[in-house]
Amino acid sequence: MKNRECSIVRDILPLYVENVISDDTKQFVDEHLSHCAECKNELDLSQTDISVKKNFAGNNSDVKVIKKIGSDIKKKRVFTGVISAVIAAIVVILSFAYLTAPEYLPYVKSFDIISVKDNNGFITLSFAGEYEIYQREQGVYDISIYNTTWNKIFNIDKKQDITVNPNGETVNTIYYVSNDGQEDKVIYGKNPINNGGVVTLPRLFLNYYFVIAILFALVLTMLIVIFREKEKIKDIIVKVLFIPISYIISHIMIKGWNATSYSATRDFYLILLLVMPIYSLFYILYKKKHSKFRY
Ligand SMILES: [Zn+2]
């Protein structure tokens, strides 16, 4: 739409078509239509629309037709608004997911990415980047350092010093986990495992959830076929079916086809977050398809 005048004219059009406006308003609209092809086009469309509605409505009065058009226009606006909001949510979540996806830094001996200090039993690690730390077992810690696209774009050089045992717990071993299939490196203490290394493997549970979602979707699809004659039951099953389908789409959007993940918990939460707007989108489009009014 070109300007405010257009939007005013569009609001008046249904009344204009029904010829229930004052002469002055009519003159204003005519004047605008004479130089605005877009609004003229909108008028042509609504005229066809009305002739169809009139035929359909039979001997309904003009007032009823106008009311109907008014409420259709309102519904159309609400629909457009909701769809835009839902798509915006999907874009925001996906952008966040990609920008903050961890790119783990591999441990290279010659390249000192992490330094360890022991201050009377308090172990401090210094490095640049984001980190994950967790306790593998009593006294044994794993640390990973990673970068994100976000930090790269904004040139954020996160220099940090963290204390592994702020309460003075015993620290026997700290592993550096590079999350790339390489052996975990002991950066503090000694390797508790004799003559052998440890490799941290990617976690697989997202794979299982993905397969479960597919099975769930298949079962529901079969139920829809079975209940195809019973509208009400079918309607409920379709709405439930959107859950696993949304999950599958969300998973693919966040993880692609590769479901193994070194950051599976993070990925899982992001998938769940994305399921909500995707489900809403399905739900709204389904409702739209099954409602009487036109958009
Ligand atoms: Zn216009």
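Visitor: What makes Asn155 exposed?

Guide: Asn155 has 6 other C-beta atoms within 10 Å. Two notes on the source. This is a predicted model: local features need pLDDT of at least 70, side-chain atom pairs count only at pLDDT 80 or more, and totals for chains, interfaces and linings use all residues. Residues are numbered from 1 along each chain as its sequence is written.

Visitor: Where does Asn155 lie?

Guide: Asn155 sits in the loop between helix H5 (149-153) and strand E6 (159-163). Helices (H or I, at least four residues) and strands (E, at least two) are DSSP runs, numbered from the N terminus. Asn155 has a positive phi of about 55° although it is not a glycine.

Visitor: Why is Asn19 called exposed?

Guide: Asn19 has 8 other C-beta atoms within 10 Å, so the exposed label applies. Asn19 lies in the loop between H1 and H2. Its phi is near 60°, a positive value in a residue other than glycine.

Visitor: Why is H1 called oblique to H2?

Guide: Helix H1 (residues 4-17) and helix H2 (residues 23-35) pack at about 120°, with axes 10 Å apart. That makes H1 oblique to H2: angles under 35 degrees count as roughly parallel, over 145 as roughly antiparallel, 65 to 115 as roughly perpendicular and the rest as oblique. Axes are lines fitted to C-alpha atoms, for helices over the stretch in contact, and angles run from 0 to 180 degrees between N-to-C directions.

Visitor: Which residues make the contact?

Guide: H1 gives Glu5, Val9, Ile12 and Tyr16, and H2 gives Thr25, Lys26, Val29 and His32. Two residues are in contact if their C-beta atoms, placed from the backbone, lie within 7 Å.

Visitor: Which residues have the most contacts inside the largest nonpolar core?

Guide: They are Ile114, Ile143, Ile145, Ile174 and Tyr176, in a core of 13 residues. A nonpolar core is a set of buried Ala, Val, Leu, Ile, Met, Phe, Trp, Tyr and Cys residues joined through C-beta atoms within 7 Å.

Note on methods
Buried ≥ 20, exposed ≤ 12 C-beta atoms within 10 Å, placed from the backbone.
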